[in-house]
Amino acid sequence: MYPRIRAALDDVPAYVPGKATAGLVKLSSNENPFPPLPGVLERATAAAATLHRYPDLAATELTGELARFLSVPPEFIAVGTGSVGVLQQIVQTVASVGDEVVYPWRSFEAYPITTRIAGAAAVEVPLDSAARLDLAALADAVTERTKLVLVCSPNNPTGPGVRRDEFAELLARVPEDVLVVLDEAYVEFIRDPDAVNGLDFLAAYPNLCLLRTFSKAYGLAGLRIGFALAHPPVAAAIRKCAVPFGVSTIAQLAAIESLHCQDAMRERVDAVVAERTRVRDALLEQGWAVPETEANFVWLPTGARTARFAATCQQSGLLVRPFAPDGCRVSIAEREENDLFLRTALTQV
């Protein structure tokens, strides 16, 4: 006889990471193709000398640096183990059995996982025909049981960003006691001037929380560090739900050093964005119906052919991320790797 496990976990889907196979080009995890920013590896390596000590539980230095960089009070900031870790903390702060969490679908695959782990009911709102979030439908889905609305911009895995005006309309319609989380993991890659930036709304909406990460633009995916921006009562609750000492000293110091490398970061992000445009234009020319993308990936609506398309890519030496039965997400990498993908995609149109 085994111990009795919570029944709520029976319906929790497992998180599926992008595959990593030696000898194959990995385009499955939306990783930054560049190494750590200048000085980051050196500071992280030096920090390894203190591995016998616990990290700063409050991430005091990093919180201060983020506060100055983002022009927000330090008490608005909650640091955690990547944006996924912070997301789970957020869900735990507001949702439990009998509550509802509203989110778009298809969107970030951690949303249903964290919702169901908390015991809450998932309310999934379909994307529109252009693979964009339907914010009016999200607002329509809010009920008296709703405790949390998740908005992913740019949307992972499809790519389109949320526009400023439609986000303002959503905030106006959602009750003040319902938390709205704007997941901005790819915010540095956005180039649409009409796209939302959560910082423009944060001060005016006490029920708004922003979710950001050092994993993508800053290239610290392996160190697991992200943060939330929210009004002090919400941020304090998020910090309460964190695993004590979960963010290592190495991660904290690497993040601080990364913040000091804004010019280099922007140069690298610009290079990724240029490749993103080139890859999407080429796919459109091939005949693929690729949605607009403001992230570091493209989405191919392969539908019933999703598994076969991913298998063909693997045979060509590429790992992409299939989301059957909807489509495949393909990360933007270096030019030679992108060219290999484009040659493969051309054979599957």
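User: What should I know about the numbering and the model first?
Analyst: Residues are numbered from 1 along each chain as its sequence is written, and side-chain values use heavy atoms, with hydrogens and water left out. The model is predicted: local features need pLDDT of at least 70, side-chain atom pairs count only at pLDDT 80 or more, and totals for chains, interfaces and linings use all residues.

User: How many disulfides are there?
Analyst: The count is zero disulfides, where a disulfide is a pair of cysteine sulfur atoms within 2.5 Å. For Cys152, the nearest cysteine sulfur is that of Cys209, 14 Å away. For Cys328, the nearest cysteine sulfur is that of Cys313, 6.6 Å away.

User: Is Cys328 buried or exposed?
Analyst: Cys328 is buried, because its relative accessibility is 0%. Buried means under 20% relative accessible area, exposed over 50%, and partly exposed in between, with a 1.4 Å probe and protein chains only.

User: And Cys152, buried or exposed?
Analyst: Cys152 also counts as buried, at 3% relative accessibility.

User: Changing topic: at what angle do α11 and α12 cross?
Analyst: The axes of helix α11 (residues 306-315) and helix α12 (residues 335-346) cross at roughly 130 degrees and come within 10 Å. Therefore α11 is oblique to α12; angles under 35 degrees count as roughly parallel, over 145 as roughly antiparallel, 65 to 115 as roughly perpendicular and the rest as oblique.

User: Which residues meet there?
Analyst: Phe309, Thr312 and Cys313 in α11 meet Phe341, Thr344 and Ala345 in α12, contact being heavy atoms within 4.5 Å.

Notes: Axes fitted to C-alpha atoms, helices over the stretch in contact; angles between N-to-C directions. Helix = DSSP H or I, 4+ residues; strand = E, 2+ residues; numbered from the N terminus.
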